Amino acid sequence: MKLKTIPFSNLILFSALVLLSNCGHSSDKSKAPDTSKTVTKTTTASTAVKTVDSVTTKVVYPPIDKKLYDSLMKRLAHGDTTGRWPVKNTPYPLPGAILPFKRVVAFYGNLYAKKMGILGELPPNEMLAKLKGEVKNWERADPQTPVQPALHYIAVVASGDAGKDGKYRNRMPFKQIDSVLKLANKAHAIVFLDVQVALSTIRTELPLLEKYLIMPQVHFGMDPEFSMKDGSRPGKKIGTYDADDINYVSGYLTNLVKKYNLPPKILIVHRFTKKMVTNYKQIKLHPEIQLVMDMDGWGEPDLKEGTYRYFIREEPVQFTGFKLFYKNDIKKAPHHMLTPEEVLKKRPYPIYIQYQ
């Protein structure tokens, strides 16, 4: 099936809307920073980054070093004493897994709108140079963990315009997704395709991206904030996903990994409130999927600390992520975006970092 293309004029409508959401909602709760030093050695076989037009072929990856994997998962727990981290009874990943052997550092956004994130804000070459600089910053902050650059592209965008089908979402044309893949190839980066379903559903939108998801370097992100199950217009309130929705996505991706002999897919789930993800204990884990709960709220450092603690740390799933906003994080005093060194004070350590 082909994705529906959209006129540029419609994108002006939704770019402002998205700025009010995970680009504009602040973090919740309060502070309690954790401190500790990180030390260990990591190695891995990374997924092969293929060009846009390449044919997916079977690649044989070395077996997972389970002893190394266990030591890295323990290191990510960062001295946690609650017993939550590392998460118990999680399956070992298939060969070719990126996490926890590498930390992913991603630039987020959409090529149509400068206000939706750094990915679309800067000219392509300038954006890639800035991404390279952030990768170096993380390598300096944690020299024991290699960094995998990534482009996190919003492939289905919540819109202020209902559209012909009344679903309040716009699907990006394939040619734009192809452009992102080409940019990623230049930077030796992996790609995430992110979906904001609005009044559509994840079961409708995910299969439309399958031709990209069978590529070994392409992964997936789902945004509960724009899953408007009660029929509300996106941007009017915060949406939600249940464990059942997340399990559908991970099951779908698992089948693709098996069918096409792919390395594990990373699945990003954004979160900055409790109700954005319900029944988290029922989320199923698979060797084919590496699931990251990404702290998506913006605000001052203390506010982000509280959001990470209450909605990510205290409701463990598998891996954690942390989002940094170049503009929104500095709106309020102390007008400071956290540095890699400061993010690495979090417990557990985030293994996925996203810049917007």
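The legends below walk through several close-up views of this predicted model.

The model is predicted, so local features need pLDDT of at least 70 and side-chain atom pairs count only at pLDDT 80 or more, while totals for chains, interfaces and linings use all residues. Residues are numbered from 1 along each chain as its sequence is written, and side-chain values use heavy atoms, with hydrogens and water left out.

**View 1. The whole chain, before zooming in.**
The chain has 10 helices and 11 strands; both are DSSP runs numbered from the N terminus, with at least four residues of H or I for a helix and at least two of E for a strand. Of the 356 residues, 60% are buried. Here buried means under 20% relative accessible area, exposed means over 50%, and partly exposed is in between, using a 1.4 Å probe and protein chains only. Among contacts between residues at least 6 apart in sequence, 80% join residues at least 24 apart, a contact being heavy atoms within 4.5 Å.

**View 2. Strand β11 and its two partners.**
Strand β11 covers residues 352-355. From this strand, Y352 and Q354 point one way and I353 and Y355 the other, and all are buried. Strand β1 (residues 103-109) runs parallel to β11, joined by four bridges, and strand β10 (residues 319-324) also pairs with β11 in the parallel sense over four bridges. Two strands count as paired if DSSP finds at least two bridges between them. To find your way around, look for F107 opposite Y355 in β11, and for K323 opposite Q354 in β11.

The whole structure contains nine aromatic pairs. F107 and Y326 form an edge-to-face aromatic pair, 6.2 Å centre to centre with 90° between the planes. Rings of Phe, Tyr and Trp (its six-membered ring) pair if their centres lie within 6.5 Å; planes under 30 degrees apart count as stacked, over 60 as edge-to-face and the rest as tilted. This pair links distant parts of the chain, 219 residues apart: F107 is in strand β1 and Y326 in the loop between β10 and α10 (340-343). Both F107 and Y326 are buried. K130 lies over the face of Y326, at 4.7 Å from the ring centre; a charge sits over a ring if NZ of Lys or CZ of Arg is within 6 Å of the ring centre and within 35 degrees of the ring normal.

F174 and Y212 form an edge-to-face aromatic pair, with 5.4 Å centre to centre and 70° between the planes. F174 belongs to helix α5 (residues 174-186) and Y212 to helix α7 (residues 210-213), so the view shows a link between distant parts of the chain, 38 residues apart. F174 is buried, and Y212 is buried too.
The structure holds 15 salt bridges, each a side-chain nitrogen of Lys or Arg within 4 Å of a carboxyl oxygen of Asp or Glu. In one of them, R75 meets D142, with the closest N and O atoms 2.7 Å apart. R75 lies in helix α2 (residues 66-77) and D142 in the loop between α4 and β2, 67 residues apart. D142 also forms a salt bridge with R103 (2.9 Å, N to O). R103 is in strand β1 and D142 in the loop between α4 and β2, so this pair ties together parts that are 39 residues apart in sequence. R75 and D142 are buried, and R103 is buried as well. T145 is found in the loop between α4 (124-141) and β2 (147-158), and its side chain makes a polar contact with the side chain of R75 (2.8 Å). A polar contact is a pair of N or O atoms within 3.5 Å; within protein, one must be able to donate a hydrogen and the other to accept it, and residues adjacent in sequence count only if both atoms are side-chain atoms. T145 is buried, because its relative accessible area is 3%.

The side chains of R203 and D244 meet in a salt bridge (3.0 Å, N to O). R203 sits in helix α6 (residues 202-205) and D244 in helix α8 (residues 243-260), 41 residues apart. R203 counts as partly exposed because its relative accessible area is 37%, and D244 is partly exposed because its value is 45%. Elsewhere, salt bridges that share partners join D165, R169, R171 and E205 into one network.
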